Amino acid sequence: MLSEVLLVSAPGKVILHGEHAVVHGKVALAVSLNLRTFLQLEPHSNGKVGLHLPNIGVKRVWDVARLQLLDASFLGQGDITAPTPEQVEKLKEVACFPEDCAVTERLAVLTFLYLYLSICQKQRALPSLDIVVWSELPTGAGLGSSAAYSVCLAAALLTACEEIPNPLKDGDDVSRWTEQGLELINKWAFQGERVIHGNPSGVDNAVSTWGGALRYQQGKISPLKRPPALQILLTNTKVPRSTRALVAGVRARLVQFPEIVAPVLTSIDAISLECERVLGEMAAAPAPEQYLVLEELIDMNQHHLNALGVGHASLDQLCRVTMARGLHSKLTGAGGGGCGITLLKPGLERPEVEATKQALASCGFDCWETSVGGPGVSVHSAASLDGRVRQALGGL
């Protein structure tokens, strides 16, 4: 068991193209979002294991001795297997939730207990440690916040238990694990996602683990080679929506109007493929005209998504506000509200970007200026994290 403090971060994700079409066998492109989740793991010897999630007001502590007495055989012998309903029910008994416990808290705590007990049970004794997780990602917005949480937990616990080596060397500000280490992190993070979502696609945890951009089609995930880091505005309309209802609505529209909707889905697939081609070109030799193509693809896809019935007045407002300033936007994720992305071309004047952010904020939206396509899960030195993150993680 490692004795030093670990600081880990993992990105969220956005869908560039392919929302809803992916459900019907078409290609989707997912990219890492450089709004990150940060985790601090601090080993100690006080016989306690603590979990602190300041974003959602969770602070829980368990006696290691009590956890040690559990018959953890129900979790298997450190094998990476899908959590069963019976296992989850047993974990609920361990968690001792109060009756008024929020769903978000329940799922976050269950995921932690599942990964902690499963990964650490190979140790001679369960380790005493404190974990604090803080995120820049809003929850429930379709930005992969639960996957980033699971990836951070898996990476930190596997490293602390020396299942994978800590890649951070003296003098490094940030480092990443080997491909073999990332594979193991991703496999465990996927099981954490199963605790939360039941039957996830695996895209969110894969993007959070490897970063960059991934192509997803019919269960097959493959990375794009050296995708460019694109600057974007990410806007949360804060309009709640049901992904399940929106997916069902598209399916119903396809059944009712097959000759109209099927070509729309095929066209969205072509947009994803064209975007993949352009991103490949940009990795080799970026040029201004490629941004013009990306903007056209964004506009066409947004119109197609409206035709599928997953638009919303708030998203129309987002597109109008940005288009008035010559910027191009589309929804990302399920639609029906939720989030949208706006491409920022190189060379945009700073006042123009700030004015756009202010205009979106005046609509009641939350807006972040960030990037997509950046690195996946990483381990940091304390000195490399900015003051805001250090304060959130306990004033390091």
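How many positive and negative side chains does the protein have, and how far apart do the centres of the two sets lie? In this predicted model, there are 34 positive side chains (Lys and Arg) and 39 negative ones (Asp and Glu), with His and the chain ends not counted. The centres of the two sets lie 3 Å apart, the place of each charge being taken as NZ of Lys, CZ of Arg, CG of Asp or CD of Glu.

Local features required pLDDT of at least 70 and side-chain atom pairs pLDDT 80 or more, whereas totals for chains, interfaces and linings use all residues. Residues are numbered from 1 along each chain as its sequence is written, and side-chain values use heavy atoms, without hydrogens and water.

Of the 396 residues, 54% are buried, that is, under 20% relative accessible area with a 1.4 Å probe, protein chains only. Contacts (heavy atoms within 4.5 Å) between residues 24 or more positions apart make up 76% of those with a separation of 6 or more.

The largest nonpolar core comprises 82 residues; such a core is a set of buried Ala, Val, Leu, Ile, Met, Phe, Trp, Tyr and Cys residues joined through side-chain atoms within 4.5 Å. Phe 112, Tyr 116, Ile 131 and Ile 185 have the most contacts inside this core. Leaving aside residues up to four places away in sequence, Phe 112 touches Val 49, Leu 51, Trp 62, Ile 131, Tyr 149 and Leu 153. Another core, of 22 residues, lies apart from the largest one and includes Ile 268, Val 321, Val 353 and Phe 365.

Technical notes:
Buried means under 20% relative accessible area, exposed over 50%, partly exposed in between (1.4 Å probe, protein chains only).
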